[in-house]
Amino acid sequence: MYKIIEKEILAPGIKRIRVEAPLIARKTHPGNFIILRIGELDERIPLTVADYERDKGTITLIFQEIGYTTKKLGTLEVGDSIQDLVGPLGKHLDIRGYKKVICLGGGSGTALLYPKVKAFHENGAEVLTITGARNKELVILEKELRTVSDKLFITTDDGSYGYHGFVTDILQDLLKEHSDIDLVVAIGPVPMMKAVSNITPNDIKTIVSLNALMVDGTGMCGGCRVTVGGETKFTCIDGPAFDGHQVDFDEIMNRQSYYHEEEDHVCRLDKEVNK
Amino acid sequence: MTLQKEKTPVKNQNPEIRTKNFDEVCLGYNKSEALKEASRCLQCKNPTCISGCPVEVPIPAFIKAIIDDDLDQAAHIIKEKNNLPAICGRVCPQEEQCEKMCIMGKKYKPVAIGRLERFVGDHALKKAKENKIQEKITAVSDTRPTNIKKEKVAVVGSGPAGLTAAADLAKAGYRVTLFEALHSVGGVLRYGIPEFRLPKNILDQEVSEIKKLGVEIRLNIVIGKTMALEDLSAEGYKAVFIGTGAGLPILMDLPGKNLNGIYSANEFLTRVNLMKAYKFPEYKTPVKIGKKVAVIGGGNVAMDSARTALRLGAEEVSIIYRRSKEELPARNEEIEHTEEEGIIFRLLNSPLAFHGENGKVKWIECMKMKLKGTDSSGRPKPIPVKGSNWSLEVDSVIIAIGQTPNPLLKDDSPQLKTESYGGIHVDENLATSIPGVYAGGDIVTGAATVIKAMGAGKKAARSIIKYLEDNKLA
């Protein structure tokens, strides 16, 4: 059992929990994810590790309540436990050797972007961070990002905070202003990562972090397969970070949608039960 | 008494009823049936059946004990060699092993050794249950070995190879920890083999027997991720057995391979067996197969997938296999059961492409095959018949054409030597290139059978015991 020792609501529907998981904390690097199963009847879902404290033996998870499992996870309180938690999984991001990096986070993807921004910053890179949300209420981690970014740009779709527009607008400006960007990292909804990868020129390395459907997370099931550079890759063991210029984003969007009806079904059932 | 030429029949659930439930298909022998079948054994002076068994169960001896009506003794004889008899009796391909070597089988049908083993295995589990109740009353101590040694041994992977190695090492007195990546013990016995062929309560009971030997089980730990091999030695483990299995599905590199509705058998079966998607929405993991399902492949995993699809409510399930019935690699009993359940065998056919609509698979383009000569595996070689293309309408496809060794651990341990097909390299004693680290089962050979993995677990346990004995004074 993995106990929740801290919980915070970052924005409506976006929560942060700190969980006791000493073995996982010891081995986690930016970019790794875990798989959790809340209880006996629940699904296994992957979540990227947002932060970790090796000395305290804890990991931090930030999640948006979008499906049945994340909504249920959001109902757990400090002192409650998650039955199963396994990780760190996936290949972690190699942050070494970059001098000037643009990091983009969209929606709750910003939460997953944070440990990378922090790692680049600690490694001496200049980091220009762009975070986008639908509106002011949904802007997360502003303070945290500001402390580890050389420049922070905030965008909202409705203009209620920061720049009125999309993260890609700012990205285009930055690419014009700075000719020495050696890496772009984008984490967020698939359409956003696709747009970023279309904008960045081929000679600027562009990394996206994919959130595929998974069961085991150890390469066993192949459910998380994606096409990268014409080859089939498993997000769980080959990723979750891939070269954005090579990823077939349309295929990912299609594969992510496969269980939408079932997801709606359990969510509806759950509502009826909890009436 | 006249000689009974055929095997004593075993009762199965009626096909019409069983395709609507996940209960076990084969009901097993009752006592009188077992006795009748046991009496067919010739009790050969020089038995050949034992040589067909990868874990060398003294077959005539346990059958003799059945005849003598001493089932406890029969169980004792089997368990000396085989830690999982109730499982092996259900899933071993006996016709390729012990029963193939049975002398009775030279002229008539061989003795149904597998069914008898299951009968004894189930007796042992029933007995253990009764004893447990008894223990609670009288506080009798468990079966933990008395010859406790101080060395700790780590076993990585809790499938058939790992369970066997762990049990044998614990019996020898070592302090064994079994590490499992998933949230539940059993490896392929848990996520792969369906409930109707291997009820999970049988697996649970066999595992609890192994726990009684003092084996500690640690779930949710991926060796190679959560802990490295070096971490194990830092934690004081003096030897390691790797039995991480062939957990990497082979997919088909055909057009449309990643359309929705195309599952690897691993994913399909894991959703259903490990995550209990057949009880959706009570269990929250979904599986979606529609009405028409095609399974590609001809092994046990293909049969399991097809029969599982039927039980999930599919109306038409086909098995597409590129060779003929003769070459189907599945156990005979599974093929029979699959046929009885009305699954369509589309033999001598191979898929060419998957076609979809709105991102979901809609039909498979297939081609007929004929057999000519032999291929590198020694089996008849399938050759496409020109102009024989045809199409099959489907709602989902399950790819069951095999697995390769899981790469996680070797990617994390560059000093672990591997073979070109991804398996871990071992010597004749199952020692890897790292001293004190042994490996066996599908992670070495690529996908094989439960009993072969158990045989490897047993052999590795012997090697580890010898290694630890030899290094004691050093």
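This is a predicted model: local features need pLDDT of at least 70, side-chain atom pairs count only at pLDDT 80 or more; totals for chains, interfaces and linings use all residues.
Colleague: Is Asp84(A) buried or exposed?

Modeller: A residue counts as buried under 20% relative accessible area. Arg37(A) has 4% and is therefore buried. Asp84(A) has 5% relative accessibility, so it too counts as buried.

Colleague: Which residues outside its sequence neighbourhood is His183(B) in contact with?

Modeller: His183(B) sits in the loop between strand 2 (175–179) and helix 10 (188–191) of chain B. At 7% relative accessibility it counts as buried. Leaving aside neighbours within four places in sequence, its contacts in chain B are Leu219(B), Asn220(B), Leu274(B) and Met275(B). Its contacts in chain A are Arg37(A), Arg44(A) and Asp84(A).

Colleague: What is the length of the polar contact between the side chains of His183(B) and Arg44(A)?

Modeller: The side chain of His183(B) has a polar contact of 3.4 Å with that of Arg37(A). With the side chain of Arg44(A), the polar contact of His183(B) is 2.9 Å.

Colleague: How much area do chain B and chain A bury between them?

Modeller: The contact involves 45 residues of chain B and 44 residues of chain A. Asn258(B), Lys284(B) and Lys288(B) supply 19% of the area that chain B buries against chain A, more than any other three residues. Of the area buried between the chains, 56% is on carbon and sulfur atoms, and the total is about 4,000 Å².

Colleague: Which residue of chain A forms a salt bridge with Lys288(B)?

Modeller: Between chain B and chain A there are three salt bridges. In the one formed by Lys288(B), the closest N and O atoms are 3.7 Å apart, and the partner is Glu261(A).

Colleague: Which element gives the most to the side of chain B that touches chain A?

Modeller: Between the two chains, 23 residue pairs are in polar contact. On the side of chain B, the elements giving two or more residues are strand 5 (248–249), strand 6 (262–264) and helix 13 (265–274). That side divides into 21 nonpolar, 14 polar and ten charged residues. The element that gives the most, with four residues, is helix 13 of chain B.

Colleague: How far apart are the centres of domain 1 and domain 2 of chain A?

Modeller: The domain assignment of chain A gives domain 1 as 2–89 and domain 2 as 100–256. In the contact between them, domain 1 has 18 residues and domain 2 has 22. They bury about 1,700 Å², with 64% from carbon and sulfur atoms. Taken over C-alpha atoms, their centres are separated by 21 Å.

Colleague: Which strand gives the largest share of the side of domain 1 of chain A that touches domain 2 of chain A?

Modeller: Two salt bridges are counted between these domains, and the side chains of Arg16(A) and Glu144(A) meet in a salt bridge with an N to O distance of 3.2 Å. Strands that each supply at least two residues to this side of domain 1 include strand 1 (2–11) and strand 4 (45–53) of chain A. The largest share is five residues, from strand 4 of chain A.

Colleague: Where in chain B does Glu334(B), the salt-bridge partner of Arg197(B), lie?

Modeller: The closest N and O atoms of Arg197(B) and Glu334(B) are 3.5 Å apart, and both residues are buried. They are among the residues linked in a network of salt bridges, which also includes Arg18(B) and Asp304(B). Arg197(B) is in the loop between helix 10 and helix 11 of chain B; 137 residues away, Glu334(B) is in helix 15 (residues 332–340) of chain B.

Methods. Residues are numbered from 1 along each chain as its sequence is written. Chains are lettered from A and ligands numbered from 1 in the order in which they are written. Side-chain values use heavy atoms; hydrogens and water are left out. Contact means heavy atoms within 4.5 Å. Buried area is the accessible area (1.4 Å probe) that two parts lose on being put together, summed over both. A salt bridge is a side-chain nitrogen of Lys or Arg within 4 Å of a carboxyl oxygen of Asp or Glu. A polar contact is a pair of N or O atoms within 3.5 Å; within protein, one must be able to donate a hydrogen and the other to accept it, and residues adjacent in sequence count only if both atoms are side-chain atoms. Ala, Val, Leu, Ile, Met, Phe, Trp, Tyr, Cys and Pro count as nonpolar, Asp, Glu, Lys and Arg as charged, and the others, Gly among them, as polar. Domain bounds come from an automatic or database domain assignment. Buried means under 20% relative accessible area, exposed over 50%, partly exposed in between (1.4 Å probe, protein chains only).
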